[in-house]
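Good morning. I will go through one protein chain today, and I will keep it brief. Please look at the sequence and the structure first.

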Amino acid sequence: MKIEYEDSFVKISGVLGGEEYIRVARALLNSENATDEEIASATGLKINTVRKTLYDLFGKSLITGVRVRDLKRGWFVYRWRAQRDQVDGFIDNQKKKALERLTKRLDYEEAHEFYSCGKPECQKYTFEESIEIFFKCPDCGETLNLIDNSHLKEAFKWKVRQMLEEMKKT
Ligand SMILES: [Zn+2]
């Protein structure tokens, strides 16, 4: 069996932007301090694609860029370098954000009861909203009934627990 090792910097780039990001990330690891043009020729990607990818990775602090003068041509170019030591922090941050979103969503589900006429094409309403429309679906006129969201809440809780446990390990 072939074990495929992939650098975590390359992996996270792939998660962010797919195949093009993977190619740029590998090129960055293969030649430190490469310019946009060097990366474009190493990857075979268009210069605009390479730049868009680099600026995105730069914005996420996963790479650094140093502005230097191109001695041959006289103008300034950026030399890019992967910040592999930032990858773990970036991943932790993403996980924390995802967990926060999930917890908020769970709080919302726990704080609100939802009412519906039962038709999938019609909307759901909170208790407060349902009072205002006299528990009558504005779309079809049917009576609104309490939706049992305990399955949804259980699913959210399970996911939160799973994420917390995974974060404890790292
Ligand atoms: Zn309805």
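Before the sheet, one definition: two strands count as paired if DSSP finds at least two bridges between them. What you see is a predicted model.

Which residue stands opposite Phe114 in strand 4? That residue is Thr126.

Next, how confident is the prediction? The average pLDDT of the protein chain is 91, and 96% of the residues score at least 70. Confidence is highest in helix 4, residues 47-59, with a mean of 97. The lowest is in helix 7, residues 150-169, with a mean of 89.

Now two residues in loops. Asn33 sits in the loop between helix 2 (19-30) and helix 3 (36-43). Asn33 is not a glycine, yet its phi is positive, about 65°. Phe135 is in the loop between helix 6 (127-132) and strand 5. Phe135 is also a residue other than glycine with a positive phi, near 55°.

Why does Asn33 count as partly exposed? Because it has 14 C-beta neighbours inside 10 Å, and partly exposed lies between the cut-offs of 12 or fewer for exposed and 20 or more for buried. Phe135 has 17 such neighbours, so Phe135 counts as partly exposed too.

That is my part; thank you.

Conventions:
Residues numbered from 1 in each chain as written. Predicted model: local features only at pLDDT ≥ 70, side-chain atom pairs only at ≥ 80, totals over all residues. pLDDT = per-residue confidence, 0-100. Helix = DSSP H or I, 4+ residues; strand = E, 2+ residues; numbered from the N terminus.
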